[in-house]
Amino acid sequence: MSSSLRTLLPDIGRILQALAGMMVLSIVVGLLWGELFAIPGLLISAAITYALGYLSLRYGTRGSVDKLHGMMVAALGWLLVAILGSLPFLTISWTAALAPGWAGAFDTPTLAAFRHPLNGVFESMSGFTGTGLTMSVHENTLPRTIQWWRSFTEWVGGVGVIVLTTAILARPGSGSLTLYESEARSDKIHPSIVSTVRTIWWIFLVFTLVATLLLWLVGMPIWDAINHAMTGLSTGGFSVTDNSLASYQEPLIEFAMIPIMIAGSIAFPIHYLLLSGDGRSVARDLQTRWVAIYFSAGSIFLIGLLLHFNTYGTSLQSLRYGLFQFISAASCTGFQTADIGGQWSVLSQLTLSAGMFIGAAAGSTVGGIKLIRLLTLAKGMIRRISDVFYPESAIRRFEIDGRTLTDTEVSKELEEASIIALLGIVLLVVGITGLLLLVSSDVYTLENVVFEVASAQGNVGLSTGITGPAMPSAAKFLLMFNMWVGRLEFIPVLVLLRALVYGGSR
Amino acid sequence: MSSAIATIVSLLTQLVPTDLASVSFLSWAGDRDPIYDLLILTGPILILLIALLGRMWLTTGLAIGYLLVFVGHLLHSIISE
């Protein structure tokens with residue numbers, strides 16, 4: 001084993017141990033619901049994951065935690081979490097198949113789909129990356145333990161598996177910060193990174209409890225409310241019902257979900273300021289203001305399109321579906337209440353695709369390239385154009401998000417935003433091309449394919465119907481890759497792939 | 001009011017066995033706002049109560065009260081700041 005790979009093992013080992021802990025915790029759900037057939041599967045999954053974690057810690061060697069190390073740990077860690085996180089799907093579905101008398105009515109075709117390992121890995125990758133595209137046809141027929149595991153993966157994945165690991169198994173020294181940053185996070189709430197991630201969990205728990213009770217009050221059964229609060233706040237979008245939130249046919253539930261999805265789209269440091277009563281700083285925050293503007297403008301535009309194309313009979317219906325679907329897409333949640341693929345116009349679908357590609361605030365639970373990068377690029381472009389009108393000796397300030405940047409910082413910020421945006425576009429085009437080759441063009445149109453890939457890469461989960469257990473295996477791999485790169489903001493995965501090809505040499 | 005609740009939360013975290021998930025979570029998370037700490041402590045109990053009793057005037061009233069405390073405290077902190 002190469003020495004550079006061995007230095008990754010201790011951090012990977014801790015991530016796997018945290019994952020094993022999640023599986024052990026889920027046994028409580030199986031016990032509470034009397035689904036005893038699910039418990040051996042969870043125990044086996046936890047034992048395998050823990051053993052691999054233990055071996056990684058045992059045979060790994062500690063090395064310096066630089067940017068390369070952090071990115072490789074993030075990329076490899078998330079891939080392994082997705083693979084091993086599929087074990088509960090695999091083991092529980094096989095238990096139900098091998099002991100039908102024990103599993104009772106749960107041995108359904110929907111659960112049986114998870115006997116194919118790839119479907120479980122797809123579901124797990126979709127869950128941890130907070131995407132929400134699913135291999136489940138009838139979610140309501142799944143055992144409660146599996147429903148919980150799906151929601152739990154999204155809840156943890158929304159905040160981040162490294163954030164989870166740092167919070168409970170803090171790495172000694174300064175390594176935690178590098179790892180934290182490699183998981184597409186940068187803002188700190190406290191000077192200490194461990195304290196920051198613990199506060200993030202504290203905020204997340206407060207909001208999850210509040211969201212659960214809000215959803216229950218507007219009419220959701222309590223089990224559904226718990227799961228949808230977890231997947232809504234983490235902007236994941238898995239549901240425990242057959243047709244996502246459309247199953248309830250209840251506008252009140254949809255309107256109650258909107259503030260939950262918006263909360264998931266706002267950066268955790270801003271939530272901390274808000275909970276601390278610092279409303280002024282929240283109002284001054286550039287990203288938060290732009291999230292508000294972007295959500296409002298996008299919703300109005302989409303409602304206008306639905307009205308223009310007469311998609312629904314009444315303007316109230318257009319308001320209901322347009323508002324909900326734009327916020328669901330732009331917040332990268334993916335709850336679906338409308339038949340987007342079948343009923344909506346091309347322009348409406350492409351508007352949602354753009355919303356999914358952009359995403360909302362950096363430092364929140366959303367996917368996409370993030371609004372702040374789009375703003376940086378827009379300001380950078382304006383600056384470059386207006387530069388021509390000033391003498392070369394002129395000293396001009398570049399301000400973004402309340403910070404005045406030096407020329408070097410401006411170049412760095414613009415470079416980062418350009419690279420992420422370009423990689424986003426390139427990988428989107430690669431995904432679209434691949435999916436076009438893999439799915440039938442008689443059934444799915446170009447806009448359907450664009451929508452599906454944008455949904456996977458933006459970690460959204462809205463679907464035009466392409467994703468499902470019957471999808472070709474190559475298409476599943478392709479969308480999983482898009483989810484993986486999208487969640488980690490492209491660079492860590494490309495760094496890992498480069499390291500695999502060139503052996504980690506600089 | 002806030003300090004009284006902080007004392008109650010602090011007493012609870014000392015008196016209640018730390019194997020109770022929400023209590024051990026609070027001591028793990030460190031010192032935060034006592035009202036939100038109280039919501040973290042009582043939230044799971046309320047959800048359990050709802051799961052056991054179902055939708056009735058008592059559980060509905062408690063859930064409304066819970067949300068009012070959250071919104072009220074949030075607004076109060078923003079205004080007083």
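1. Basis of the note. This is a predicted model, in which local features need pLDDT of at least 70 and side-chain atom pairs count only at pLDDT 80 or more, whereas totals for chains, interfaces and linings use all residues; side-chain values use heavy atoms, with hydrogens and water left out. Residues are numbered from 1 along each chain as its sequence is written, and chains are lettered from A and ligands numbered from 1 in the order in which they are written.

2. Overall make-up. Chain A contains 24 helices and two strands, where helices (H or I, at least four residues) and strands (E, at least two) are DSSP runs numbered from the N terminus. Of its 506 residues, 61% count as buried, a term that stands for under 20% relative accessible area, with exposed meaning over 50% and partly exposed in between (1.4 Å probe, protein chains only). Among the contacts in chain A with a separation of 6 or more, 74% come from residues 24 or more positions apart, contact being taken as heavy atoms within 4.5 Å.

3. Helix α17. Helix α17 of chain A (residues 315-330) has 16 residues and reaches 22 Å from its first C-alpha to its last, close to the 22 Å expected at 1.5 Å a residue; the expected span is 1.5 Å times one less than the number of residues. Its buried residues include Tyr321(A), Phe324(A), Phe326(A) and Ile327(A), and the buried residues of α17(A) pack against α13 (251-264), α16 (286-308), α18 (340-343) and α19 (346-358) of chain A. Just after this helix, Cys332(A) takes a positive phi of about 65°, a spot that a reader may wish to view in the model.

4. Helix α20. The 17 residues of α20(A) reach 24 Å from first C-alpha to last, close to the 24 Å expected at 1.5 Å a residue. Leu371(A), Ile372(A), Arg373(A), Leu375(A), Thr376(A), Gly380(A), Arg383(A) and Ser386(A) are the buried residues of this helix, and they pack against α16, α19, β1 (398-400) and α21 of chain A.

5. The pair α21 and α23. The axes of helix α21 (residues 407-438) and α23 of chain A come within 9 Å and cross at roughly 165°, the axes being lines fitted to C-alpha atoms, for helices over the stretch in contact, with angles that run from 0 to 180 degrees between N-to-C directions. The two helices are therefore roughly antiparallel to each other, given that angles under 35 degrees count as roughly parallel, over 145 as roughly antiparallel, 65 to 115 as roughly perpendicular and the rest as oblique. Residues of α21(A) that include Leu427(A), Gly431(A) and Gly434(A) meet residues of α23(A), among them Ala474(A), Leu478(A) and Phe481(A).

6. The structure holds eight salt bridges over all chains, each defined as a side-chain nitrogen of Lys or Arg within 4 Å of a carboxyl oxygen of Asp or Glu. One of them joins the side chains of Asp11(A) and Arg14(A) at 2.7 Å, N to O; both residues lie in helix α1 (residues 3-32) of chain A, three residues apart, about one turn of the helix. Asp11(A) counts as buried at 2% relative accessibility, and Arg14(A) counts as buried at 8%.

7. The side chains of Lys370(A) and Glu489(A) meet in a salt bridge (2.8 Å, N to O). Lys370(A) lies in the loop between α19 and α20 (371-387) and Glu489(A) in the loop between α23 (473-487) and α24 (491-502) of chain A, so the pair ties together parts that are 119 residues apart in sequence. Arg373(A) also meets Glu489(A) in a salt bridge (2.9 Å, N to O). Arg373(A) lies in helix α20 of chain A, so this pair ties together parts that are 116 residues apart in sequence. Arg373(A) counts as buried at 11% relative accessibility, while Glu489(A) is buried with a relative accessible area of 9%. Salt bridges that share partners join Lys370(A), Arg373(A), Glu416(A) and Glu489(A) into one network.

8. Ala20(A) lies in helix α1 of chain A and counts as buried at 3% relative accessibility; Ala20(A) and Tyr50(A) are 30 residues apart in sequence and 5.4 Å apart in space, C-alpha to C-alpha. Thr153(A), found in helix α8 (residues 144-159) of chain A, counts as buried at 0% relative accessibility, and touches Met22(A), Gly127(A), Phe128(A) and Phe238(A), not counting residues up to four places away in sequence.
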